[in-house]
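User: Hello! I am new to this structure and would like to walk through it with you. Could we begin with the charged side chains?

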Amino acid sequence: MTTRHNHRQRKKLHLGEYKELGFTVEIQFVEGLSDAAQDAFLDAFVGQVIEVRKLMYGGSFSYGFVCRDTRADATEEDRTAVREWLAQRSEVQSASVSELVDAWR
């Protein structure tokens with residue numbers, strides 16, 4: 001059975017034109033990374049790629065979710081920028097970036 005939602009319901013439930021896309025990031029770090037190096041990495045990650053692209057990152061040091069900091073979708077270009085930035089970092093042993101998914105589901 002298909003449920004029809006009106007404009008207000010779609011907005012409240014983040015459906016249709018109100019759906020927002022984001023992606024998960026999973027990072028495997030090199031062995032023995034110091035606390036200071038972890039802090040420096042996170043500062044650089046947020047400052048050089050997340051904030052510059054007007055994104056938000058939520059989660060832990062090695063696993064999190066990335067989405068827009070406004071009511072908009074993260075893009076394929078955002079995914080590519082994050083993946084490429086992580087690939088260039090010496091602190092990162094491996095990293096995976098998921099496909100775009102519904103941020104509210």
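User: Which residue does Glu91 meet in a salt bridge?

Analyst: A salt bridge here is a side-chain nitrogen of Lys or Arg within 4 Å of a carboxyl oxygen of Asp or Glu. This is a predicted model, where local features need pLDDT of at least 70 and side-chain atom pairs count only at pLDDT 80 or more, while totals for chains, interfaces and linings use all residues. Residues are numbered from 1 along each chain as its sequence is written, and side-chain values use heavy atoms, with hydrogens and water left out. At 2.9 Å from N to O, the partner of Glu91 is Arg89.

User: Are Glu91 and Arg89 buried or exposed?

Analyst: Buried means under 20% relative accessible area, exposed means over 50%, and partly exposed lies in between (1.4 Å probe, protein chains only). Glu91 falls in one class together with Arg89, and both are buried.

User: How far apart are the closest N and O atoms of Asp78 and Arg53?

Analyst: Helices (H or I, at least four residues) and strands (E, at least two) are DSSP runs, numbered from the N terminus. Asp78 and Arg53 form a salt bridge, and this pair links distant parts of the chain, with Asp78 in helix H3 and Arg53 in the loop between helix H2 and strand E2, 25 residues apart. Asp78 is buried at 1% relative accessible area, whereas Arg53 is partly exposed at 28%. The closest N and O atoms are separated by 2.7 Å.

User: What separates Glu76 and Arg79 in helix H3?

Analyst: The side chains of Glu76 and Arg79 form a salt bridge, 2.5 Å from N to O. Glu76 is partly exposed at 37%, while Arg79 is buried at 5%. Because they are 3 residues apart in helix H3, the separation is about one helical turn.

User: How many aromatic pairs does the structure hold?

Analyst: Rings of Phe, Tyr and Trp (its six-membered ring) pair if their centres lie within 6.5 Å; planes under 30 degrees apart count as stacked, over 60 as edge-to-face and the rest as tilted. By that rule, the structure's aromatic pairs number 7.

User: How are the rings of Phe29 and Phe61 arranged?

Analyst: Their centres are 4.2 Å apart, with 15° between the planes. Phe29 lies in strand E1 and Phe61 in the loop between E2 and strand E3, so the pair ties together parts 32 residues apart in sequence. Phe29 is buried at 12%, and Phe61 is partly exposed at 21%. The arrangement is stacked.

User: Why is the pair of Phe45 and Tyr57 edge-to-face?

Analyst: Phe45 lies in helix H2 and Tyr57 in strand E2, so this pair ties together parts 12 residues apart in sequence. Phe45 is buried at 0%, and Tyr57 is partly exposed at 21%. The ring centres are 5.3 Å apart, and the pair is edge-to-face because its planes meet at 85°.

User: In what order do the elements of the chain run from the N terminus on?

Analyst: The chain has 3 helices and 5 strands. Starting at the N terminus, they run α-β-α-β-β-α-β-β.
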